Amino acid sequence: RVCFEPFGPVLQRRPRNLPCGHVLCRGCLVALGGPDGRRLECPFCRRPCGSAETSDCLPLLQLLEVLETAGGSIPASLSRGVPGASLGLRLSLGGWGSLVNPTGVAACPKTGRLAVAHDGKKRIHIFGPSGTCLQRFGERGDAGNDIKYALDVTVTWDGHVVVTDGGDRAVKAFDFDGRGVLAAREGFRLPWGLDATPEGEVILTDSEAGALYRLTADFTNREFKKCQMIRSQLINPRGVAVSPVSGAIVVIEHLKAQGPNGGSTRVKIFSAEMDLIGQMDSFGLNLVFPSKIYTTAVAFDKEGCIIVTDVCSQAVICLGKPEEFPIFNSLISHGLSYPVGLTYMVNNFLVVLDSGDHSIKIYSS
């Protein structure tokens with residue numbers, strides 16, 4: 001009852017998750033849903049579900065993106081024991097069933113609690129520093145406090161969880177108990193990555209608009225103040241990070257071009273005053289790193305160094321401080337499948353969100 005055609009990133013061949021965990025292409029979902037398109041039955045396990053309960057299968061879409069970037073073959077991982085790899089795995093959380101296709105992770109700067117955005121029934125999971133799941137909230141739905149499609153998450157310095165909802169084209173804030181605080185839409189086209197500043201503001205990217213925004217709000221009193229565009233003419237910006245040391249902002253652009261090897265990424269660094277102070281695309285990084293790089297997430301460590309993930313080599317790399325960018329130091333060179341998120345905890349442990357095996361991995365030196 002399914003087509004057995006290869007999955008693809010667009011239109012009818014786009015892979016979609018069913019609530020039971022099986023994956024079908026969009027064309028088969030439409031065919032199985034019947035004329036009204038509201039109810040369907042999984043052809044593998046016969047579990048009924050509604051079409052609104054399906055969602056894009058991010059691991060397969062990301063794998064397709066890697067294959068396109070690599071020209072049809074997945075590059076080999078970095079060799080084990082690369083000089084400079086100095087972090088060891090301390091704790092692993094989540095896994096399939098607990099987390100479903102996670103997309104973003106953030107740490108509370110005061111308590112060390114971790115907020116994870118994923119594609120489950122409740123979109124946000126809160127973990128304690130020891131790994132215990134403390135709270136789940138953000139129901140999947142159309143109500144004001146529901147989350148249709150969580151893309152990224154950050155935690156403000158006053159302890160509020162802020163989420164980009166790509167399905168609702170909104171930015172939504174919650175307290176740690178899951179109560180909705182406010183929702184800002186402000187004409188966003190596809191709000192994607194976000195990070196909180198020490199001043200309590202939120203810096204976020206709009207991937208379709210090609211813009212970078214600064215959102216100011218009093219979350220405690222549920223008061224939205226303003227949302228200001230601080231940079232435009234970016235190309236498909238997604239990941240973003242703000243340095244707690246200098247206030248510098250790093251943005252990851254996802255560049256598209258014709259041909260099987262056209263997809264690439266570019267890292268742009270702006271000063272706190274939004275002056276461009278450095279940038280490097282995949283080709284330039286290849287000159288200092290002997291493997292094709294495709295960056296999906298970025299963070300700053302406590303010393304102000306830029307840390308990025310690379311899904312081609314399944315690694316985490318330090319690119320140095322903005323003024324010395326780029327240098328190369330491999331922090332994690334094995335044990336990752338598809339790293340899509342980075343954050344630092346209050347104790348300086350590095351947290352990596354691995355969408356490949358739906359887990360959170362915590363590293364320490």
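Q: What makes a stretch of the chain a strand, such as those on either side of R46?
A: A strand is a DSSP run of E with at least two residues, and strands are numbered from the N terminus. In this predicted model, β3 covers 39–41 and β4 covers 48–50, with R46 placed in the loop between them.

Q: Why is R46 called partly exposed?
A: The relative accessible area of R46 is 43%, and because partly exposed covers what lies between the buried limit of under 20% and the exposed limit of over 50%, R46 is partly exposed. R46 also has a positive phi of about 70°, although R46 is not a glycine.

Q: What makes Q233 exposed?
A: Exposed requires a relative accessible area over 50%, and Q233 has 75%, so Q233 is exposed. This residue sits in the loop between β18 (223–231) and β19 (237–242), and its phi, near 60°, is a positive value in a residue other than glycine.

Q: How do you know that the radius of gyration agrees with that of a compact globule?
A: For 365 residues a compact globule would have a radius of gyration near 21 Å, and the chain has 20 Å, which agrees. Along the principal axes, the C-alpha atoms fill a box of roughly 60 × 50 × 40 Å.

Q: What share of the residues is called buried?
A: Residues with under 20% relative accessible area count as buried, and in this chain they make up 56% of the 365 residues. The accessible surface of the chain comes to about 15,500 Å², and 50% of that surface belongs to carbon and sulfur atoms.

Conventions: Residues numbered from 1 in each chain as written. Predicted model: local features only at pLDDT ≥ 70, side-chain atom pairs only at ≥ 80, totals over all residues. Heavy atoms only, no water. Rg over C-alpha atoms; globule rule 2.2 N^0.38 Å. Buried < 20%, exposed > 50% of the residue type's maximum accessible area, 1.4 Å probe, protein only. Areas by Shrake-Rupley, 256 points an atom, 1.4 Å probe, with all protein chains shown as cover. Helix = DSSP H or I, 4+ residues; strand = E, 2+ residues; numbered from the N terminus.
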